[in-house]
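Have a look at the fold as you read along.

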Amino acid sequence: MVTVLAPYTAQMWDLLVRVAEAPQEGSSESVGECLGKLALVSPDTLVPDLVARLASPSPLVRSVMIVAIKVVVCLADPIPLYVSALRQALACLSDPDPEVRRKALIAFNATAHNRPETLVDLLPEMLPRLYDETKVHAELVRVVEMGPFKHSVDDGLDSRKTAYECMYSLLKSCCHAVDMPVFVERCLQGLSDQYDVQMLTFLIIKRLATTIPEDLTPRLDDFATAFNAIISAQPKANAVGQEVEKIEELKRCALRAVHALARVPGADKSAKLTALVQTIEGTPQLQSRYRAIDTSDAAPMEM
């Protein structure tokens, strides 16, 4: 295939770059994938060209180049050229444009899944940027008026969800290279975020509790406080059915997480966690759900 494409590479490259500079709606991902695969025909020339275009003033072009570099890294065996390109692509986690940052997060997650060995040496540099994307950025929250009502729209939610997906992937592939106290702190903060982030955080905590539980022990009191707030939450009087369902689902997941944490080393020394379990056991509705977890083994929560 490389031999067949080689005579046409330059022509195809120029065409794809022009499309990247003026993409139609929804085409940036496809163009990036095509550029990434084509770059593997002549990587010594074309991969540096992708990296150079990360400096484009156009956020759309930068996004396309990140997708292309992601494809290169995930499809090819790691060599210094590709690791260097990945470093430049992931540096876009600090890009001023939110969508460019989201593309960089997706590239981070794909690499953690497919080429974790390529990512490990970059983690000390990239993890602080990843953790920053798990935070709520006030400048991305806007208020939309709908008749007499005002509704907050968080344009940073999708990026936060992707950032927590990255954290989950790191537990599977690179946990030995992660500073766990900082990682666990971000998990705690995720429990007070919106529903989608909270659900991802439950998955992360459950995996931590079953694989490296000792890293949770120092923060068991803090987790107990967070879970207590979720378990005791009540829907507003005017809440619609979907909102009520989300609150109930969060309670179910929180009970599963408490069940997992109650079995980590040192759990009996956490006064707040012990008190929370006692409260659950003393509340008939919660008790029946909590004890059912023993027989269902918490009904696997996987992504």
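## What covers helix α6

The buried residues of α6 are covered by a set of elements that includes α4 (43–52), α5 (59–75), α7 (98–114), α8 (116–119) and α9 (123–132). Contact here means heavy atoms within 4.5 Å. Helices are DSSP runs (H or I, at least four residues), numbered from the N terminus.

Which residues of α6 are buried? In this helix, spanning residues 80–90, they are Tyr82, Ala85, Leu86, Ala89 and Leu90. Buried means under 20% relative accessible area, exposed means over 50%, and partly exposed lies in between (1.4 Å probe, protein chains only). These α6 residues cover an arc of only 130 degrees around the axis, so they sit on the same side of the helix. That arc is taken from the directions from the helix axis to the C-beta atoms.

## How to read the model

The model is predicted: local features need pLDDT of at least 70 and side-chain atom pairs count only at pLDDT 80 or more, while totals for chains, interfaces and linings use all residues. Residues are numbered from 1 along each chain as its sequence is written, and side-chain values use heavy atoms, leaving out hydrogens and water.

## A cluster of phenylalanines

There are two aromatic pairs in the structure. Rings of Phe, Tyr and Trp (its six-membered ring) pair if their centres lie within 6.5 Å; planes under 30 degrees apart count as stacked, over 60 as edge-to-face and the rest as tilted. Phe202 and Phe227 are stacked, at 6.1 Å centre to centre with 20 degrees between the planes. This pair links distant parts of the chain, since Phe202 belongs to helix α12 (residues 195–211) and Phe227 to helix α13 (residues 220–231), 25 residues apart.

The rings of Phe223 and Phe227 are also stacked, because their centres are 6.1 Å apart and their planes at 25 degrees. Both of these residues lie in α13, four residues apart, or about one turn of the helix. Phe202 and Phe227 are buried, and Phe223 is buried too. Together, the ring pairs link Phe202, Phe223 and Phe227 into a cluster.

## Cysteines without disulfides

How many disulfides does a search of the whole structure find? The count is zero, with a disulfide being a pair of cysteine sulfur atoms within 2.5 Å. For Cys175, the nearest cysteine sulfur is that of Cys174, 8.2 Å away. Cys175 is partly exposed, with a relative accessible area of 30%.

For Cys187, the nearest cysteine sulfur belongs to Cys175, 13 Å away. Cys187 is buried, with a relative accessible area of 0%.

Conventions. Helix = DSSP H or I, 4+ residues; strand = E, 2+ residues; numbered from the N terminus.
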